[in-house]
Amino acid sequence: QRLRAQEVANMVWSIATLSFPNSSPLLQQVLSGAERHIPHFEPQHLANITWSLATLQASEHSSLFTSLTSAASRRVDDLEPRHLAALLWSSGQLSFFPTSAAATTPPAATTTTTT
């Protein structure tokens, strides 16, 4: 039986809260199916899973973390301050600071003409 999005988020949160090791087969199995749920995650799910990954110091799941934070950035209007706080805290804990083309591309040079 396949887990639903909320069940995945709840399980990952529970595993982190109970301080399971990153190598836990249960954690690995739940996270292996998490990526396909990303389009269905609510903002709370995104915040809980990123918090969980950071709490577990699970930096080996950086591609999942990237996918989760990308999904959150696409839904920024739906995020409440508590979701943003969890996402930012998680990013800081894992020293994960994504860059985007907009963040790395310098602004266009402005020219001023004098007459």
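**Close-up 1. Helices α1 and α3 run roughly parallel to each other in this predicted model.** The axes of α1 (residues 5–17) and α3 (residues 43–55) cross at roughly 30 degrees; angles under 35 degrees count as roughly parallel, and the two helices are therefore described in that way. Their axes come within 9 Å, and α1 passes α3 in a left-handed crossing.

**Close-up 2. Residues of α1 meet residues of α3.** From α1, the contact involves A5, Q6, V8, A9, V12, W13, A16 and T17. On the side of α3, the partners are H45, N48, I49, W51, S52 and T55. By class, the residues of this contact comprise 8 nonpolar and 6 polar, with no charged residue.

**Close-up 3. The largest pocket has a volume of about 250 Å³.** Its lining consists of 11 residues, of which T69, A72, S73, L87 and L88 are the closest to the centre. Helices α4 (62–74) and α5 (81–93) each contribute at least two residues to this lining. The lining of the largest pocket holds 7 nonpolar and 4 polar residues, and no charged ones.

**Close-up 4. The second largest pocket has a volume of about 200 Å³.** Among the 11 residues that line the second largest pocket, L3, Q29, V30, G33 and R36 are the closest to its centre. Two or more lining residues come from each of α1 and α2 (25–32), and α2 gives the most, with 3 residues. In the lining of the second largest pocket, 5 residues are nonpolar, 4 are polar and 2 are charged.

Notes: Residues numbered from 1 in each chain as written. Predicted model: local features only at pLDDT ≥ 70, side-chain atom pairs only at ≥ 80, totals over all residues. Heavy atoms only, no water. Axes fitted to C-alpha atoms, helices over the stretch in contact; angles between N-to-C directions. Helix = DSSP H or I, 4+ residues; strand = E, 2+ residues; numbered from the N terminus. Parallel < 35°, antiparallel > 145°, perpendicular 65-115°, else oblique. Left-handed = near helix turned anticlockwise from the far one by under 90°. Contact = heavy atoms within 4.5 Å. Nonpolar A, V, L, I, M, F, W, Y, C, P; charged D, E, K, R; others polar. 1 Å grid on protein atoms, 1.4 Å probe; cavity = no way out; pocket = protein on both sides within 12 Å on 5 of 7 lines; lining within 4 Å. Points joined across faces, edges and corners; volume = space filled by probe spheres on them.
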